[in-house]
Amino acid sequence: MPNTNILSFYISLFFLVLSFMLVIYSTLYRKETIEIRNQLGIALSREVEALLTINIFLALLFTLIIAAVIIFLSSLVPR
Amino acid sequence: MEYQRSDCIDVTEEETKTCITLPEEKILVCKREHKLIPLIACAIILFMASIFTVSGGLLIFLFLESIPLLFSFLLLMGILTLLAVTKIIIDWYFHIYAITTRKIIEIRSVPFFGEYIDDLFLDQVRTTEVDAKIPSFFHELLNMGNVTVGFDRPSHDKVFALFNISKPRQTAMYLSDALEELMKPSQVWFQEGKPNEHVRISEDIFNGRVANA
């Protein structure tokens, strides 16, 4: 059981890194999209802008939840 | 078949202003791909993501027996799927075909992955044909297809194609009429009622004497 918990802990850590990278990606993606909108002058609809913002918030929220899961798993790992 | 200008404008007036570079320029056609194209892509992504999530979730649950880890995996897959769906929508949104009274332009911008802008000035070419093609029953059912505009300029060996747009027949007919009207005043081959002077000139200079005069 402890070995499984350690493995779960490290896999969760990997998931956390991945999801944090996705938060950065979604933030930069929104910035890039707005830059393209300004360059080309193509107006973004409200729905699309909302989708881009929701992406960032959800990615951040999920990352925080994964971080909480890691804290929970770390309490199970024997010291 | 009846057609209206609104059949050829998918993009709002606010957005179409970007394609106009001269005060007297007017938008003839401005379209994106059919809305079903990103929907199909999203459905494929969701299907693949659900298969991957279920199989990965089962592996985690069976071999690691960790509910928190399974929960983390589901959240990660959720983020990935959401980002993939967003990318498909944004790619579709920034892919526009516009035909104005001055030029034909295709804008395709993919954030982080590049940009493609192809424009062609109508005063430099002669439009020879405008074709509508509905390749399959599926396309016919959805009133979706391709419209191609052909040119005679020797250096421009390709046709300009608007792929998978809605109402292709109406668009092609409207475009054909609009381009014909547009080229009439400026091009010599549209001038009617004039004598065939080119033939007479060639006859005049043949062997240094006037033939059939």
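**A walk through chains A and B**

Hi everyone, let me start with one residue. Leaving aside its neighbours within four places in sequence, A:Thr63 is in contact with A:Leu16, A:Ser19, A:Phe20 and A:Val23, where contact means heavy atoms within 4.5 Å. A:Thr63 has its place in helix H2 of chain A. Buried or exposed, then, is A:Thr63? A:Thr63 counts as buried because its relative accessibility is 7%, and the cut-offs are under 20% relative accessible area for buried, over 50% for exposed and partly exposed in between, with a 1.4 Å probe and protein chains only.

Now a few ground rules. This is a predicted model, so local features need pLDDT of at least 70 and side-chain atom pairs count only at pLDDT 80 or more, while totals for chains, interfaces and linings use all residues. Residues are numbered from 1 along each chain as its sequence is written, chains are lettered from A and ligands numbered from 1 in the order in which they are written, and side-chain values use heavy atoms, with hydrogens and water left out.

On to chain A as a whole. Chain A holds two helices and zero strands; these are DSSP runs, H or I of at least four residues for helices and E of at least two for strands, numbered from the N terminus. Chain A is more spread out than a compact globule, because its radius of gyration is 18 Å, well over the 12 Å that the globule rule gives for 79 residues. For the record, that radius is taken over C-alpha atoms, and the rule is 2.2 Å times the number of residues to the power 0.38. Along the principal axes, the C-alpha atoms of chain A fill a box of roughly 60 × 15 × 15 Å. Of the contacts in chain A with a separation of 6 or more, 73% are between residues 24 or more positions apart. Buried residues are 34% of the 79 in this chain.

Back to H2(A), residues 46-76. Helix H2 has 31 residues and reaches 45 Å from first C-alpha to last, close to the 45 Å expected at 1.5 Å a residue, the expected span being 1.5 Å times one less than the number of residues. Its buried residues include A:Val48, A:Leu52, A:Asn55, A:Ala59, A:Phe62, A:Ile66, A:Ile70 and A:Leu73. As a reminder, an α-helix has 3.6 residues a turn, so residues three or four places apart point the same way.

What about the loop between helix H1 (2-40) and H2 of chain A? A:Ile42 has its place there, and A:Ile42 counts as buried because its relative accessibility is 0%. From A:Ile42 to A:Leu13, 29 residues apart in sequence, the C-alpha distance is 40 Å.

Now chain B. There we have six helices and seven strands, in the order α-β-α-α-β-β-β-β-α-β-β-α-α along the sequence. Of its 213 residues, 41% count as buried.

Which residues does B:Ile90 touch, leaving aside its neighbours within four places in sequence? B:Ile90 is in contact with A:Tyr29, A:Thr33, A:Val48, A:Leu52 and B:Pro111. B:Ile90 has its place in helix H3 (residues 67-93) of chain B, and B:Ile90 is buried because its relative accessible area is 0%. B:Pro38 is 52 residues from B:Ile90 along the chain, and their C-alpha atoms are separated by 9.5 Å.
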